[in-house]
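Here is a short briefing to read alongside the model.

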Amino acid sequence: MELRHLRYFVAVAEAENVTRAAARLHVSQPALSRQIHDLEEEIGFPLLHRSAKSVRLSEAGKVFLGEARAVLQRAEAAVQAARAVAGGVRGGRALKAVIPGGSSTPVLLPEEIDIGMDFDQVGKAGSMLGSAGVVVIDDQTCMVEFALRTMSFYERESCGWCIPCREGTDWLNKSLTRFHAGFGEARDIDNMQHIAENMLGRTFCPLGDAAAMPMVAFVKKFRKEFEDHLNGKPCPFARKGVPQLTVV
Ligand code: SF4
């Protein structure tokens with residue numbers, strides 16, 4: 001069960017109105033209604049009675065509300081404890097992305113991480129728990145450079161036995177190196193995604209997938225950042241004087 005669903009349900013229950021709750025949560029009304037519906041489907045009973053103007057809790061919803069609040073309180077306490085131990089995002093910067101399960105798992109955006117750290121919930125959010133080696137990325141990180149660093153690793157790790165992995169990691173590494181240096185072309189972006197998608201499920205061992213999955217997600221979720229490197233422009237983060245990652 002996703003924490004986000006519980007949060008939405010509590011907000012609707014407290015507001016007794018989907019429109020007001022949606023405004024408070026900064027989500028659209030249809031999206032909020034859909035999430036509540038998904039929650040009801042998951043638990044198998046109705047939480048709300050809906051009329052044209054308002055919603056009210058069902059009997060089961062009243063009981064569930066108490067449980068939902070308790071779960072959210074425990075989750076918040078866990079977040080506070082993690083912040084106290086880890087100190088939050090480095091340098092007080094904004095959170096840009098999280099990789100939940102090591103470099104082979106697809107990157108998640110800040111709005112996608114309000115979930116429990118288990119296989120089901122991370123999977124539903126579009127990534128994997130993998131090795132659970134969490135990488136937290138702040139807003140001064142260039143995602144093209146991050147993708148290059150990741151691909152440089154997989155290119156070296158590929159044993160070269162099967163073609164999609166051997167050629168794919170090599171082409172992706174070369175393309176990203178050229179792209180990050182400011183010599184990319186618009187078609188490179190789709191080409192890199194296409195190469196990665198064609199590696200998926202076509203290699204002998206999981207390393208091919210491990211290289212392809214993050215690449216697909218980097219392009220899909222940070223396309224604008226790839227586009228910012230086009231037309232002979234060097235990395236926008238380098239232009240702002242942000243120290244660059246070192247690819248060794
Ligand atoms: S997928 Fe595995 S076996 Fe195939 S080239 Fe890559 S590392 Fe070697």
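A residue counts as buried if 20 or more other C-beta atoms lie within 10 Å of its own, as exposed if 12 or fewer do, and as partly exposed in between, with C-beta atoms placed from the backbone. Helices (H or I, at least four residues) and strands (E, at least two) are DSSP runs, numbered from the N terminus. With those terms in hand, helix α1 has His5, Leu6, Tyr8, Phe9, Ala11, Val12 and Ala13 buried.

Please keep in mind that this is a predicted model: local features need pLDDT of at least 70, side-chain atom pairs count only at pLDDT 80 or more, and totals for chains, interfaces and linings use all residues. Residues are numbered from 1 along each chain as its sequence is written.

**Overall layout**

- The chain has 11 helices and 4 strands, and its C-alpha trace spans about 60 × 40 × 40 Å along the principal axes.
- Of the 248 residues of the chain, 30% count as buried.
- Two residues are in contact if their C-beta atoms, placed from the backbone, lie within 7 Å; among contacts between residues at least 6 apart in sequence, 63% join residues at least 24 apart.
- The domain assignment gives domain 1 (3-86), domain 2 (90-138) and domain 3 (143-239), where the bounds come from an automatic or database domain assignment.
- Between the C-alpha centres of domain 1 and domain 3 there are 39 Å.

**Helix α1 and what follows it**

- The packing partners of the buried α1 residues are α2 (18-25), α3 (29-43), β1 (48-50), β2 (55-57) and α4 (59-86).
- Ala13 is found in helix α1 and counts as buried because it has 21 C-beta neighbours inside 10 Å.
- Leaving aside neighbours within four places in sequence, Ala13 is in contact with Leu57, Gly61 and Leu65.
- Ala13 and Lys62 are 49 residues apart along the chain, yet their C-alpha atoms are separated by 8.8 Å.
- Just after α1 comes Glu16, with a positive phi of about 50° although it is not a glycine.
- Glu16 sits in the loop between α1 and α2 and counts as partly exposed because it has 13 C-beta neighbours inside 10 Å.

**Helix α6**

- The 15 residues of α6 (residues 143-157) should span 21 Å at 1.5 Å a residue, and the end C-alpha atoms agree, being 21 Å apart.
- Buried residues of α6 are Met143, Val144, Glu145, Phe146, Ala147, Leu148, Thr150, Met151, Tyr154 and Glu155.
- These buried residues pack against β4 (135-138), α7, α9 and α10 (223-227).

**Nonpolar cores**

- A nonpolar core is a set of buried Ala, Val, Leu, Ile, Met, Phe, Trp, Tyr and Cys residues joined through C-beta atoms within 7 Å.
- Which members of the largest core, with its 31 residues, touch the most other members? They are Val144, Ala147, Met151, Ala211, Met215 and Phe218.
- At least two residues of this core come from each of β3 (95-99), α6, α7, α8 (186-199) and α9, with the largest share, 8 residues, supplied by α9.
- Domain 2 and domain 3 each give this core at least three residues.
- Met215 is in contact with Ala147, Met151, Leu172, Met192 and Ala196, leaving aside neighbours within four places in sequence.
- Apart from this core lies another, of 17 residues, among them Leu32, Ile36, Leu48 and Val55.

Definitions and conventions. The expected span of a helix is 1.5 Å times one less than its number of residues.
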